Amino acid sequence: MSHLPEVKEHYGILKNYIEGKWVDSASDKTEAVINPATGKEIARVPMSTRKEVDDAVAAAKEAWWSWRETPPVTRARMMFAVKELLEQHFEEIARIMVQENGKTIDEARGETRRAIENVEVASGITTLQMGYSLEDGAGSGIDEEAIRQPLGVFACIAPFNFPAMIPFWFWPYAVACGNTYVIKPSRQVPCTMQYILELIDRVGFPPGVINLINGSHDVADALMEHPDIKGISFVGSTPVARHVYKTCAQYGKRVQAQGGAKNCLVVMSDAVLPQAVSNMLSSCFGCAGQRCLAGSNLLIMEDIYDEFKERFIARAKNIKVGYGLDESVNMGPVISAKARAKILDYIEKAISEGGRLLLDGRDIKVEGYPDGFFIGPTVFENVTPDMTIAKEEVFGPVVSLMKISSLDEAIDIIHSSPFGNAASIYTQSGKIAREFKYRVQAGNIGINLGIAAPMAYFPFAGYKDSFFGDLHGQGMDAINFFTDRKVVITRWI
Ligand code: NAD
C-alpha cells in the first residue's frame, strides 16, 4: 500500500463520550496506555467515577424512548452510515489497534473486518426484529402474536485482546433493536474504541444512544449494579466472567458472560500434515496466542507424532516476531510486562514439572524494540494432562505437544478441562469428524480448521467455564438477548 495514514505518537488524556459530547473525566486518576512493542506510553486513560457512570446511564435512559420509537428502517440506515465510515477509516482503525494491542497489521485488518460484519448483520434489523403471529391462534376469532420489543439501556465490558471487534458483537444489535448503549473498553486498549466513537459521532445518532466510559473494574461494577441497566455483555477471563454473572443475577439483569479457554487441536493419523501444520501455527501463534480460540494443547496421534513435531518446529522457528506495523512481521508482542512475566512463569513451571522445551522463545531479541514485551514461539513436549501448562490458560505463544493413541483419549483430555470454548480436529475421515463434532463439549468446533470463529450471523458460543448465560453474542442470539418477546392476544368479535 503506497499511502498509509499516520498513527499519532500520543493520544493525550482520553475522554468519555456521554450524551453525544466528548467530556473530560472528573477523575484525576489516569493510567498509561502502553504500546506493547515499544514499551512507550501512547495515551492516558481516566479511571472514571461512579458519578460519570451515572451520567452515561442517565443519558442513555433519557434517549431510550424516542430511539425506541424511531422506525427500524431508520435505525438500519444509520447502521449503513456506520459501516460506510468504518470502511473509509478501515486502515486507521487497524493501525491504532496495532499500536495499543501489539497484534500484526494483518490481524488488525482481519479484526476490523469482523467488527464491520456485525454492523452489516445488524443492518438487517427490519427482518431480524420481526415477530410472528397466528390467526385464530388462541381460539376461533382470537389472534395471537409475539412482538420483539427493546428493553432500555444495555452495556458491555470488553477485554484487551480484540479492542474493536468485541464491542461490535453486541452494540450494533442492541442499538439496531432500539436499545441505548454504554461501552466500557479495556483500560489496556481504550484508543481504538475512542477513535471508532469519533467516527460514530459523525453519523448523527440522537445524543445518549451510544456512550463510552473509560475506566477499570470500578466502572464495570457500577454498570452491573446500576438499576437502570437492563443487561450486561461481558467478555474476559473466567474468574471475572463468574463475578459478572453472579453480580448481574443479584441485580436482576440479563447477562451473557464469555470467559477464558484452553483449546485442544487434535491431529489424527490421516490428517494432511502440511496444511494442518500451517493452519495450526496460525491458531497457536496468531495474536501471540492471545485469542480465546487459540490452540494450546496439540494432541497428536502417536504414529505421526515425530513427523508432525519436525514439521511444526521447523515452521514455528521461522515466525518473524516484531512490531506489527511492519507488514513482514508474523507475530507481535504480548499485551504488557505483567502478562509477559506471567507467561514466563508458566514456562518455568512447565520445565519444573517435567516438560521438555523444543522451542524456547524466552530470550528473543527484536531489533529496534528492546523495551517491547516479546516472547517467541515456545513449544513443549513430554506434557501430561495433569501438568499446570496443560490445564491453565496461558494466553501467550506457548503450546504443548501430547501423544495420543485414539480419538477417545483425545476427547477424554478435552473433557478433563473445565473450559469448553473451542476444539479442532484434523482428519480426512468424515466419520471421525462427525464423532468429534457430536461428542465434544465445546462451543466452537473446527474441522481441519484451528480458529473456529463464528461469522457475525452465527452465535459465538462457549460451554462450561468458558460461558455463563444462555444467549450468546452475534446473530439471532443477540437479537433475542436485546429484545423481549411480548405476546398479544386479540379478539374483536
Ligand atoms: P479480564 O477479565 O481481565 O478483563 C475483562 C474486562 O473486565 C475489562 O474491561 C476489565 O476492566 C474488567 N474487569 C477486570 N477485573 C474485573 C473485576 N474484578 N470486576 C469487574 N470488572 C473487571 O480479561 P482480559 O485480560 O482483558 O482478556 C483476556 C481474557 O478474555 C482471556 O481469559 C480470554 O480467554 C478471554 N476472552 C474470551 C473470549 C470468549 O469469547 N470466550 C473472547 C476474548 C477474550
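Guide: In sorting residues, Ala, Val, Leu, Ile, Met, Phe, Trp, Tyr, Cys and Pro count as nonpolar, Asp, Glu, Lys and Arg as charged, and the others, Gly among them, as polar. Here the shell around the ligand divides into 15 nonpolar, 10 polar and three charged residues. The model is predicted: local features need pLDDT of at least 70, side-chain atom pairs count only at pLDDT 80 or more, and totals for chains, interfaces and linings use all residues. Residues are numbered from 1 along each chain as its sequence is written, and side-chain values use heavy atoms, leaving out hydrogens and water.

Visitor: How many residues surround the ligand, and which are the closest?

Guide: A residue is near a molecule if one of its heavy atoms lies within 4 Å of it. The ligand is surrounded by 28 residues, the closest being Ala158, Ser237, Gln258, Gly259 and Glu393.

Visitor: Which polar side-chain atom lies 2.6 Å from an oxygen atom of the ligand?

Guide: A polar contact is a pair of N or O atoms within 3.5 Å. That side-chain atom belongs to Ser237, while a backbone N or O atom of Gly259 lies 2.8 Å from a ligand nitrogen atom.

Visitor: Why does the ligand lie between two domains?

Guide: Domain bounds come from an automatic or database domain assignment. Domain 1 (16-259 + 466-491) and domain 2 (263-447) both give residues to the shell, so the ligand lies between them.

Terms used. Polar contact = N/O pair within 3.5 Å; in protein donor to acceptor, adjacent residues only side chain to side chain.
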